[in-house]
Amino acid sequence: MASLELSGINKSYGDTVAVAEIDLKIEDNEFFCIFGPPSCGKTTILRLLLGLVAPDTGEVRIGGEVVTDAPPKERNLAMVFQNLALFPHMTTRQNLAFPLTERKMEKSEVEARINSVAETLHITPLLKKLPAHLSGGERQRVAIGRALVRDPGAFLMDEPIAALDARLREEMRVELKRLQREQNHTLVYVTHDQEEAMSVADRMAIFEDGRIRQIGTPTEIYNKPNSRYVAELIGSPPMNFIDGTFADGKFTAEKENVIVAIDGVSASGAATLAIRPEDIEIRDSDQPGIDAKVYEVEPLGAFTIVDIIIGEKIVKVQVTGQPDFELGSGVRLNFDPLNCHLFDGVSGDIIAHAKH
Amino acid sequence: MASIELINLTKKFGDLTAVNDLNLVIPDKEFVALLGPSGCGKTTTMNMIAGIEMPSEGSILFGGEDMRTIPANKRDVGFVFQNYAIFTHMTVRKNLEFGLKVRGVEKSEIKRRVQNMADLMRLNDRLDWRTSKLSVNELQKVAIGRSAVTEPEIFLLDEPLSNLDAAFRAFMRTELKHLQHEFQQTMVYVTHDQIEAMSLADRIAVLDMGLLQQYGTPNEVYNKPHNTFVANFMGSPSMNLLPCRLTNGGGDHALDFGDAGTSMIEDGELMRRCKLARNADVVFGMRPEDIDIQPREVGRPGIDMEVSFVEPIGPRTVVHLSAGSHSIKVAKDKQYPIELGAKVKAEFPKGRCHIFDAESGNAIGLE
Amino acid sequence: MTKKKKPVLTTLEREGKTLGLYMTLPAQLLLLFIVAFPLCMQLYVSLSWWGPLDGVKWYYAYESLNWFGNYGEIFSDAKFWGSLGRTFLIVAVVVPVEFLLGLGLAMLFADKFPGKRVFYSIMLMPMMIVPAVAGYMFFMLFQSSGPINDILSAISGTKVDTVWLADPDLAMISVMIADIWQWTPLMFLILLAGMVGVPEDQIKAATLLGANAWHRFWRIVLPRMKTVMIIALVIRSVECFKIFDILYVMTGGGPGVATKSISVYILDLTFKDLEWSYVAAIGLFILVALSLIAVVGIYYMQAAQKKAEA
């Protein structure tokens, strides 16, 4: 398998900037996720790697070799599309054989490869069926299988399981990860589902408007988001943000009556305090803390999301289990400074990460 | 009074039975979710309540009154479509006015009510925009506002949040729930997303293949699933369901997991339920958050397994364990310290176990 | 580290751009030839007195060059203005009637009813009949001893022997009826397509917001069909302006000049009077006049559209 590298890449379509200033190295055997909202440049990255479009500036390298101007067929990458693009008139076996016979591979070799891939993906019983007779999940496996038979330098996948239902998606992503790990593939995976990205990625890049906002392991990005943008995108329920000012080592939001002292920060000015829903502690109204009122309660079985009003702001708090809260009742909230991030109120850049 | 009663409600399309003998009472001012996978009959049920689809059999009562002869435009229900069905040839204002205009409401009254709704939905600066210029989030607000402005006593929503981005979805979830508490309407909400159903509804009706599987409060449905379908459908990650055999070799009751080994039954409640089993083939169920991961030396009930995959999903870590042909998921706090390949014991704490008949899938001895 | 360089097109992109030009070039040339050549020829001939009896080929027309003599004659040609007026009358009556009938039928066919497919096929049949044959059919129907009079007699109880095609006014009405019969189906088809294109969800939404059938039609269906309606009206108006075969077979333009449309007049000029350069001038005059009307019409339509969008 090969590493993939994009350096100094810019690409525009007319006046529209598709991606800008991309410097990205995807290591050999890495499961790399490209994550961002719709039309943030995710798909353009894949197209650049595949050679379907050429960058305006910059270099594309595969396995260390410069391939910026090489046509797609010389790049030896396998692609799994969002819409699968299986040939409807061909059986599973014929679909799997297609990329091999196209390359004039010997018949016995083709058979051997198909059988081994079918085995890995548990699709041997489906080999004689047409795509129309397969379920969504099965079609997905066949599409992945068709990419797999070729022994490419790397796999590119564009939201390959987005069309499946939630339960099947959970299963398929684990399966993909297992495959990638067992077979040591380099895999670039585009998704807009943060949970999916967190679950499978070795590392991930977060895109905004064609630019990379942050690259890191899922845990790094969850715990140390470098901007408010990243913090908003990652995590469900989403992180809570409280706008206020920072001065003399203290964050203050007057309307919400929130004052949090954060050590070791010298900046001052408009700032945003951010804290994850699971990091807020709800206390009884006779305990010290921020005055608050229960707005709504959303039970989710394993945990409960409690929407709480402080000032005019609704804060989401995630607590374990199924505790009872009375709507409208008074409570106190505790923001542990060690769990709080601080972002610049204007630029949204990180000022200080949570210490935990 | 705007309770909704569905009595023996059945809908057939040719050979296909979309809704099969459904009986459901939706009390006045309650928020009820119709939950199920696609094709379970939830949308058909809602269309029948709205009157845009006629039942093949059975009847629908609003506040005790039979709706059979009342056409859709006279039922006075608010309806929000999944794709919003915004009138794209009209401005936002015209969309909001529509329901009032066709009712012949007075002009000044229309103006007042539309203004109030725009304030509530924060659509003020969008009122004279053409709808083609709105974002998805705004379209959704127009769709809800357009129905709410006529102040119907019954509000029906068909997957209204499924097209929204994650952050706005979480926000709208809270807002919808709050709006319902404020306005005290009877709300029926169709969704395939169990998280939405759990977090929003006072009661959930779980449907599958046109049949009602269970009807209860979110916690009831989550804690006491009536069958394996409900158990599997509710919760994320889903409940671990392990097929096994009941054995009582030498007086000690145990669950035989085949190639994954056996686990003794020490839980009194589980023992009681197991004794009621008609067949030895059962399905043992346990929620991912209820399972403990222990060193193998610990002697409590459970099975020896190996860590096969670790998913760090934000606030939680999902640990996948496997042994023989069985695999389970265990949900732990974030940054749970565990390594791939670690040999551990999956411990089944008392009072958290579920047991189902393997053949019918029904829960055994549920109280 | 990153070196600036000219944008590089991959083979795919490069091929795409040049290939497109080469592939469409023959078609573009052909189109130019087909449209431009006859128009130029017509313009050239119209500027002369040239006719088939001159004994010279058309390209010697410059020998009898008179610049705008033919165009001057148009303005004093009462026969021309008469036939133009009759043609406009036909358009003004026939197109709105066809439109309303077509719309009514489309509304009927937008819903389901038993036997819809059969009726649908029958509905479309008139359109597929050769117009000359349709003309012949109505020629027979409107004979004074024909079935129309028989039916009228049966209904009224007294013998009706109206001479439809020999009376100037009735002949005009007969022609209009025949044209309406033949072309209402086209109007119906276009309008039905437009009506089916109105998203069902929006109609359902309107119903659930309390709209009755009339409100649904007036507030949802009709506004969304505006474009289709305009297209249907324009197509039929242009087509109807060219009315010829059905009319010619039924009345030959008569009695007298009672049903002589602009097409029949041009036919007479061409084959009876052999005024070929004059015909060329009339052709261009009509083309320019209609184009002007169309341009003004489109301009006002767009202005109205913009006003609605603002």
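Guide: In this predicted model, the elements of chain C run, from the N terminus on, α-α-α-α-α-α-α-α-α-α-α-α-α. Chain C has a radius of gyration of 26 Å, whereas the globule rule gives 19 Å for 310 residues; the value is well over the rule, so the chain is more spread out than a compact globule. Along its principal axes, the C-alpha trace of chain C spans about 100 × 75 × 35 Å. Of the 310 residues in chain C, 27% are buried. Among the contacts of chain C with a separation of 6 or more, 68% are between residues 24 or more positions apart.

Chain B may be read next. Its two domains are domain 1, covering residues 4–232, and domain 2, covering residues 239–357. The centres of these two domains of chain B, taken over C-alpha atoms, are separated by 39 Å. Where they touch, domain 1 of chain B contributes 5 residues and domain 2 of chain B contributes 6 residues. On the domain 1 side, the residues divide into 2 nonpolar, 3 polar and no charged.

Chain B also holds an open sheet of 5 strands, in the order β15-β19-β16-β17-β18, with antiparallel pairing. At the edges of this sheet stand β15 (292–294) and β18 (326–333) of chain B; each has a single partner strand, so one side of each is left without a neighbour in the sheet. On average, and with direction ignored, neighbouring strands of the sheet are turned by 45° against each other. Within the sheet, strand β16 (residues 302–313) of chain B runs antiparallel to strand β17 (residues 316–323) of chain B, and 7 bridges join the two. One particular pairing is that of Ile313(B), whose bridge partner in β17(B) is Arg316(B).

There remains the contact between chains. Here 29 residues of chain B are in contact with 33 residues of chain A. On the chain B side, the elements that give two or more residues are α5 (166–183), α6 (194–200), α7 (218–223) and β16 of chain B. Helix α5(B) gives the most to this side, with 7 residues. The residues of chain B that touch chain A divide into 15 nonpolar, 8 polar and 6 charged.

Methods
Residues numbered from 1 in each chain as written. Chains lettered and ligands numbered in written order. Predicted model: local features only at pLDDT ≥ 70, side-chain atom pairs only at ≥ 80, totals over all residues. Pairing = 2+ DSSP bridges. Helix = DSSP H or I, 4+ residues; strand = E, 2+ residues; numbered from the N terminus. Axes fitted to C-alpha atoms, helices over the stretch in contact; angles between N-to-C directions. Domains from an automatic or database assignment. Contact = placed C-beta atoms within 7 Å. Nonpolar A, V, L, I, M, F, W, Y, C, P; charged D, E, K, R; others polar. Rg over C-alpha atoms; globule rule 2.2 N^0.38 Å. Buried ≥ 20, exposed ≤ 12 C-beta atoms within 10 Å, placed from the backbone.
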